[in-house]
Amino acid sequence: KVSYEQLLDVFHDGCSGSSGGKVQYKSAIWVHSAEQRRIAEEAARRRGRSRLEVMDEAPWYDAEDYHQKYYKKNGDCSLQ
């Protein structure tokens, strides 16, 4: 079992914090509760990422087919 704090650690370890100037590539965290928001914002502050967006959950939309399994097709994934 993985705790929410451990999940945030993995996120921050793999997050460059840079979107390359493209809004669609920005890093963000979507939360399901006020407690998750508090923990996520605290974790971001501890890592010096106070500008990281922490937002309420939103509907999920799968990316277009050509974006699916990108890392397998291109061999490029920062979390591998």
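How many helices and strands are there in the chain?

1. In this predicted model, the chain holds three helices and two strands, and from the N terminus on these elements follow the order α-β-α-β-α. Of the 80 residues in the chain, 16% are buried, while the exposed surface comes to about 6700 Å², with carbon and sulfur atoms supplying 50% of it. Among contacts between residues at least 6 apart in sequence, 58% join residues at least 24 apart.

2. The largest nonpolar core consists of ten residues, namely Tyr-4, Leu-8, Ile-29, Val-31, Ile-39, Ala-40, Ala-43, Ala-44, Leu-52 and Val-54. Two or more residues of this core come from each of α1, β1 (28-31) and α2 (34-46), and it is α2 that gives the most, with four residues. As general background, nonpolar side chains in soluble globular proteins tend to be buried together.

3. Just after α2, Gly-48 takes a positive phi of about 75°.

4. His-12 belongs to helix α1 (residues 4-14) and counts as buried because its relative accessibility is 2%, under the 20% cut-off. Beyond residues up to four places away in sequence, His-12 touches Ile-29, Ala-43, Ala-44, Arg-47, Arg-49 and Leu-52. Leu-52, with its neighbours within four places likewise set aside, is in contact with Phe-11, His-12, Ser-27, Ala-28, Ile-29 and Ala-44.

5. Six salt bridges are present in the structure. One of them pairs the side chains of Arg-37 and Asp-56, at 2.9 Å from N to O, and this pair links distant parts of the chain, since Arg-37 lies in helix α2 and Asp-56 in strand β2 (residues 53-56), 19 residues apart. Arg-37 is partly exposed, with a relative accessible area of 23%, whereas Asp-56 is exposed at 54%. Asp-56 also figures in a second pairing of positions, as its C-alpha atom is separated by 7.8 Å from that of Ser-33, 23 residues apart along the chain. Ser-33 itself lies in the loop between β1 and α2 and counts as partly exposed, at 33% relative accessibility.

6. Which residues do salt bridges that share partners join into one network? Through shared partners, salt bridges join Glu-35, Arg-38, Glu-42 and Arg-46 into one network. Arg-38 is partly exposed at 41% relative accessibility, Glu-42 is partly exposed at 35%, and Arg-46 is exposed, with a relative accessible area of 58%. In general, an α-helix has 3.6 residues a turn, so residues three or four places apart point the same way.

Methods. Residues numbered from 1 in each chain as written. Predicted model: local features only at pLDDT ≥ 70, side-chain atom pairs only at ≥ 80, totals over all residues. Heavy atoms only, no water. Buried < 20%, exposed > 50% of the residue type's maximum accessible area, 1.4 Å probe, protein only. Contact = heavy atoms within 4.5 Å. Core = buried A, V, L, I, M, F, W, Y, C linked by side-chain atoms within 4.5 Å. Areas by Shrake-Rupley, 256 points an atom, 1.4 Å probe, with all protein chains shown as cover. Salt bridge = Lys/Arg side-chain N within 4 Å of Asp/Glu carboxyl O.
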